[in-house]
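I opened the file and kept notes as I went. The entries follow the order of my look-ups.

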Amino acid sequence: MYIKCTDSDGSFDAPANVPCNVDSAVKRLAFNSRLLQTFTAESLYQHGLGHKTFCIEEDDTGSPKVHIFTSKLKTCEALGMTGDQLYAFFNKGKDIHVWS
C-alpha cells in the first residue's frame, strides 16, 4: 500500500537523478514485498519450520500488486504528526480512498 497526501503528486525524497515518482515507489514496494516474502520463508526454514511464508496479492502479470491511496491529509499535516499518530489516523480506515 502506498499512501499519498491530498496535495501531493506522490513523489518521495530521493537523491538527485533518482526516480522518485509514484511508479518508482510502486516498483520499490513490489520488489521489497518479494524480498520480505523470501526472507520469511528462509528464516522459517532455518528454524526447522519448512519453507512457509505469506501470500502476496498479484496483478495479471504475476507482479505484486501495490494499492495506491490518497489521504485527506495535506502534506504539512502529515509531516507534523509522529509515526504513531499517522498509524492511528490511517488505522481508522475511513480517511483513504483509491487513487488509481
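Which residues is Leu-44 in contact with, leaving aside its neighbours within four places in sequence? I looked this up and found Leu-49, Gly-50 and Lys-52. I note that the model is predicted. Leu-44 itself is found in helix α1. I checked its cover next: Leu-44 has 27% relative accessibility.

Entry on the core. I asked which residues make up the largest nonpolar core. I got six: Tyr-2, Val-22, Ala-25, Ala-30, Val-66 and Ile-68. Helix α1 gives the largest share of this core, three residues. In soluble globular proteins, nonpolar side chains tend to be buried together. I then took Ala-25 from the core list. Leaving aside neighbours within four places in sequence, Ala-25 is in contact with Tyr-2 and Phe-12. Tyr-2 is also a member of the core.

Entry on the surface. I looked for a nonpolar patch and found one formed by Leu-36, Phe-39 and Phe-54. Together they have about 310 Å² of accessible area. Where does Phe-54 lie? I placed Phe-54 in the loop between α1 (22-46) and β2 (68-70). Its relative accessible area is 33%, and Phe-54 is partly exposed. Patch members need over 30%, so Phe-54 passes that cut-off.

Entry on charges. How many salt bridges does the structure hold? I counted two.

I took the pair of Glu-58 and Arg-34 to begin with. The closest N and O atoms of this salt bridge are 2.6 Å apart. The pair links distant parts of the chain, 24 residues apart. Glu-58 sits in the loop between α1 and β2, while Arg-34 sits in helix α1. Are these two buried or partly exposed? Glu-58 is partly exposed at 41% relative accessible area. Arg-34 has 26% relative accessibility and also counts as partly exposed.

I went on to Lys-65 and Glu-57. They form a salt bridge with the closest N and O atoms 4.0 Å apart. The cut-off for a salt bridge is within 4 Å. Lys-65 comes out partly exposed, with a relative accessible area of 41%. Glu-57 counts as partly exposed at 45% relative accessibility.

Terms used. Residues numbered from 1 in each chain as written. Predicted model: local features only at pLDDT ≥ 70, side-chain atom pairs only at ≥ 80, totals over all residues. Heavy atoms only, no water. Patch = residues over 30% accessible without salt bridge, like charges linked within 9 Å, V, L, I, M, F, W, Y side chains within 5 Å. Areas by Shrake-Rupley, 256 points an atom, 1.4 Å probe, with all protein chains shown as cover. Salt bridge = Lys/Arg side-chain N within 4 Å of Asp/Glu carboxyl O. Helix = DSSP H or I, 4+ residues; strand = E, 2+ residues; numbered from the N terminus. Buried < 20%, exposed > 50% of the residue type's maximum accessible area, 1.4 Å probe, protein only. Contact = heavy atoms within 4.5 Å. Core = buried A, V, L, I, M, F, W, Y, C linked by side-chain atoms within 4.5 Å.
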